[in-house]
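The structure comes before the entries.

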Amino acid sequence: MNLLYATLGLIALYIYVSFASLLWEGIDRKLVARMQRRVGPPLLQPFYDFLKLMSKESIIPKHANKFYELAPVLALAVSIALLAYTPMGFAPLFATKGDVIVFIYLLTLIGFIRVLGAISSGSPYAQIGAQREMIILVSREVPMMLALFTILWRLNNIGVEKPFSLATFYQRNIWELGTPLALIGTFILLVVFLAWLASEIEVGFFDIPEAETEVAEGPMAEYSGRHLALFELSNAIKMFVSASLVVAIFFPWGISAYVGLNGIPALVVDVLFHTIKVFAVLFVSMSIFRAITGRLRITQAVQVFWLRLFPAAIIGSLILAIDLLGVIA
Amino acid sequence: MNVLPFLIIIPLFGAFSMPLVKLISEKLRDIWAVIISAVTLGVATDVFYTIWKTNQIVVYTLGATTPLGKGVGFPIRIVWEVDLLGALIAVTIAFVSLLAIIYSLEYMKHDTGLDKYYTLILILELGMLGIVITGDIFNFYVFLEIMSIASYALVAFRNDTWEGIEAGIKYMFVGSLASSFILLGIALLYGQYGTLTMAYLSQYITREPTFVSKVALAFILGGLLFKSGAVPVHMWLADAHPAAPSSISAMLSGLVIKAGGVYAIARILFSIYSISLNIKAIGWIVIFFACLTLIVGNAMAVVQTDMKRLFAFSSVGQIGYILLGIGIGIAAYGTKVGDVALAGAIYHTVNHAIMKALLFLVAGAVLHQVGTKNLNELSGLARRMPLTSFAFLVGAAAIIGLPPLNGFASKWLIYESSALYNPFLAAIAILGTAFCTAAYIRVLFTFFGKESEKVKAAKDPGKAMVIPMILLIIAVIIMGLLPWQINDTIMLPTAKMLEESGKYVLAVLGG
């Protein structure tokens, strides 16, 4: 019975997140257009795009192998599976101890499937894009993992029910520590996470693999029609999920308790409030970042990850660890 | 009735009857080899099931009902003593051997002298089965030599190729040296204690641990590390595996280095020596070689351009994980961490046998259909050989240790226990996996990339080669879906049973 409810919940979540994430893309495009004194597309533009792509003929290149057609389906399947482990204003549906590894694994797997799909197309543009995506992929996850594990470890030390689960953020959060040192560390990690978010959804500095003007959409160069639509949808879901992670770590507060709700209405209110927070985080990390920065070269991006973000994550983690020792008030 | 002797009788009968069967017809010869190995698998499964169900060590005495001599309190006969670990490895050996033999029906079709080939492959299986069931240390040496000599011959089976002969000679010269170290160790033990039964020897060494017993252990351990392909002595493996026919590579990499190397190390350290020596020091010696093996094996795999050579180095790397598990199992003997590490090592032994066999069968299929194993010439294979590429994808994902497949659970146990025992070791293990991932992703990119001229005419191989691959894929996936159940019901009891050396001794000597 429990499993049945979880399945229904996952389907509901999937429908909701697809809607919300595509809606955000519309808002984002509108906002960026306004920042550049343009009118911009209507809010529902991504939905029109999606429907149009679904109705178009999908052209399979002559050199493509079986995985080319399989990859978009797998990518969407993995992003739906990922929703079951994502904190959405309430604890993830399948929250268990240690589920953070599943979360990171599935999130990375989406990127990897994209890469595989791209090289399966046999196009040199896609190959170059795929190589870049792979380089970014291995660089960006390291600072994020370090920061995430440090925070979970730190929360584990103040006592949680399920250690190393994304559900812990709704029990304890990192601001509860309260000491000045912990605040400094948390702020540093927040910056790391915002930068990671920008690179995960590939905007601004990190729009490198897709690089429209440079390698003609990179990994997606050969995809068209339905297959491209599926990829776009899975990307949108991934964007929402990544932002949800940042929100859950740093801003996990719900409002249902304050307005005195419980049961189903509380869930709905929490999800809506969570969505607003996700939009706010995405506004900072995506819209503004996208509007005011240009693309880096791949070598520069790798340097940003290993020489800026990774040291920042180390410093933030060390500060949190020192705070635990209690040597400095 | 005790079916244990049939584990040896059947392959022996199959091997010795092969030259006669061949006289009747060539077709019958092939079927005969398949039947013999299938029946062996049946017997092995039965032995395993009996031991697993009763949780008792099975002892079989050759020539009498009791191992003890008339009127004396010590064993005078050869005993076969099988605990869960032995039985588990025996099932793995029989399973992979059966698949390798089915695979060779098509793979070896173009070669000549196949009656010798099937005889040798059955003898190889026989030698490995003998190693895992024996409880007598000289009997162990004999079976080790049976296995080794059969594998020398099989590595050099294609004696019209220069690389087969070269690898065979290399393997034989150093392999014989390693075997003679082991023999020297056994001779020293016999000279000191006057017995060859492992159980009795264990009791003796516990009572009076002498310097000689330590020297003997050093010789035996050195020889066995060679047989398992641990790092300073791994060079034969990287030549032997690419040069052998692929069905043989699958057995060499999946089984020979496990039965003759890892299993024997575990047996000798746990059942003969564990309660008599400074186990912490021994554990750290094993851990030292394990770390070296992990790093060097996986790092060397990254730079290879020859597919089978890459898999061979990857085997070296995976042996590092297994040795790490065993080393921690010894160093943290009797604690929870030690149990978990040992269970992880045993689990990884079985898993790696299955997935590396799968990968070598894939390499064989590519070599058979395209005619090259150079990775630079093989790009875009996925379009022409979708099934083979899928098999590779599953095998590679399993060996890296991705969650829905079987490699995840076993590696997780090893990571977890090494992190709890000493975080530095966990860091080394993770580094090894990073190299391993890089190596396999490189091959994956070759498989999926743009089609090259060489692969234009390739297509998937026939049924006899595809069926073993599919069976192995199914095994990988099923074991991956039930990891913790398998761990709790099979691997942990196996590790417990291996650790209780008192029981091992009592099973032979009586209460």
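Entry 1, largest cavity. I sorted its lining by class and got 11 nonpolar residues, one polar and no charged. In this sorting Ala, Val, Leu, Ile, Met, Phe, Trp, Tyr, Cys and Pro are nonpolar, Asp, Glu, Lys and Arg are charged, and the others, Gly among them, are polar. I noted that this is a predicted model, where local features need pLDDT of at least 70 and side-chain atom pairs count only at pLDDT 80 or more, while totals for chains, interfaces and linings use all residues. Residues are numbered from 1 along each chain as its sequence is written, chains are lettered from A and ligands numbered from 1 in the order in which they are written, and side-chain values use heavy atoms, with hydrogens and water left out.

Rolling a probe the size of a water molecule over the atoms shows where empty space is left. A cavity here is a set of points, on a 1 Å grid over the protein atoms alone, where a 1.4 Å probe fits but cannot get out; lining residues have an atom within 4 Å of a point. Points are joined across faces, edges and corners, and the volume is the space filled by probe spheres set on them. I counted three cavities of 30 Å³ or more. The largest holds about 70 Å³. Its lining includes B:Tyr263, B:Thr349 and B:Leu498. Which helix gives the most to this lining? I found α13(B), with four residues. Helices are DSSP runs of H or I, at least four residues long, numbered from the N terminus.

I found A:Ile208 in the loop between α6 (180-200) and α7 (212-215) of chain A. A:Ile208 counts as buried because its relative accessibility is 1%, and buried means under 20% (1.4 Å probe, protein chains only). Contacts (heavy atoms within 4.5 Å) of A:Ile208 include A:Arg132, A:Ile136 and A:Leu296.

An unreviewed UniProt entry lists residues 100-122 of chain A among its transmembrane regions. I checked that span and found 91% helix and 0% strand, with the end C-alpha atoms 35 Å apart.

Definitions and conventions:
Helices (H or I, at least four residues) and strands (E, at least two) are DSSP runs, numbered from the N terminus. Buried means under 20% relative accessible area, exposed over 50%, partly exposed in between (1.4 Å probe, protein chains only). On a 1 Å grid over the protein atoms alone, a cavity is a set of points where a 1.4 Å probe fits but cannot get out, and a pocket is an open set with protein on both sides within 12 Å along at least five of seven lines; lining residues have an atom within 4 Å of a point. UniProt positions are given in the numbering used here, feature names are shortened, and annotations may be inferred rather than shown by experiment. Lists of a residue's contacts leave out its neighbours within four places in sequence.
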